[in-house]
Amino acid sequence: MEETKNKSPKYAAAYFFGILFLLLGLLVIFWNGNRAKGRADRDDQIISNAVEIDPLNLDSLNEGKYVIIYGSLQTDQVFHDKYFDITYPGIAYTRKANISSENSESEYDYGYWTYYGGNYSDESTTSDSATAGEIIYKAIKPVKIQKYIIDPQLFEFDQSLFQPIFLENYLKAEIHPEYYLADAHILTNASDLDYPEIGALKYTFYGIPNGFNVTLLGVQKGDTVSSAYRSKVLAGIRNKKELFESMIQDAADVESAFYLLSLFFLPFCALSFGYLIKEKKMPNPMHANILNLKLGRLIYVVLLTIFLFQGLVGIAKLLFYDDPLSSLKNFSYVVLIMISTKTLFGYKILPKFLFKKGS
């Protein structure tokens, strides 16, 4: 009786923190489930209403609608990299530098490259020109798809458009013997790409060539397509089906990322509840003999975290998704954990040496 009284504050703290972290995880999952439904509804509306248009024959009836244009990026812009004396005609251009932090100690060890910096801005063109960082850039002027002007904002943060520049076309090795060319890289102070010396530099070049084929999704406003929610500039997509598949995949990626955010909270919840289950203060959804394993507490917390995560995601999908069958996958994981743990640990299929007491 005295021992239970001494442990009462611990039980109260475990209940408090367990419920707190459970509610935080629940909040993230339910909020994401509701937002996922909203994203799906917006994408469905775009898919049903988006119109494929001919930029040479604009129709005022499409004003304010999502429109799809297929074409190629055209510009007379030329970037001049003064450092390597490379001229590159294209929509955008950037280079990044990596430095070798280790060299090989045997034929089985490879040196590796770490990011060094080397952001590039072409000062030789007008003041509106900017190429900074690895993926942040703007066009020097409004870029045209055929004769259709596009807002330059649409090109920001779209890494998929960048293509490697094959430097053999711009820099001849025999002219610059101090450089070592390998694919789209220039190496300095290094004689081999796989076995670089410490401190060797590797420059990687990317750009968007003039005439690059793209698909544009945006809202028609007058004679331009402006950036708005779901605006996309996509490389290589040439039909409506591929465009919408890309949109749906993007939404699924966002949804998965927010679900995984809940895993920041649920392990702490599982740790608190695991303690209460061990002390027989809460019902045990799995077999108690798990706790008799070596590292049993850790195994129990991991399994309980998965148990809680799949259960909560299943409930969220059941409430917010138009397709309740999508929740069956999550609920099946819950059932599988309950059945498999009771089988494994109830009948001791595992070798005895894994248990603290081999009885």
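How many aromatic pairs does the structure hold? I got 14 aromatic pairs, counting Phe, Tyr and Trp rings (six-membered ring for Trp) with centres within 6.5 Å; planes under 30 degrees apart are stacked, over 60 edge-to-face, the rest tilted.

Housekeeping: this is a predicted model, where local features need pLDDT of at least 70 and side-chain atom pairs 80 or more, while totals for chains, interfaces and linings use all residues. Numbering runs from 1 along each chain as its sequence is written, and side-chain values use heavy atoms, with hydrogens and water left out.

I looked up F16 and F17 next: their ring centres are 5.1 Å apart with planes at 80°, so I logged the pair as edge-to-face. W31 and F258 also pair edge-to-face, at 4.9 Å and 70°. W31 belongs to helix 1 and F258 to helix 2, so this pair ties together parts 227 residues apart in sequence; helices are DSSP runs of H or I, at least four residues, numbered from the N terminus.

Last, I looked at I290. Beyond its neighbours within four places in sequence, I290 is in contact (heavy atoms within 4.5 Å) with G296, I299, Y300, L303, T341 and F345.

Note on methods: Helix = DSSP H or I, 4+ residues; strand = E, 2+ residues; numbered from the N terminus.
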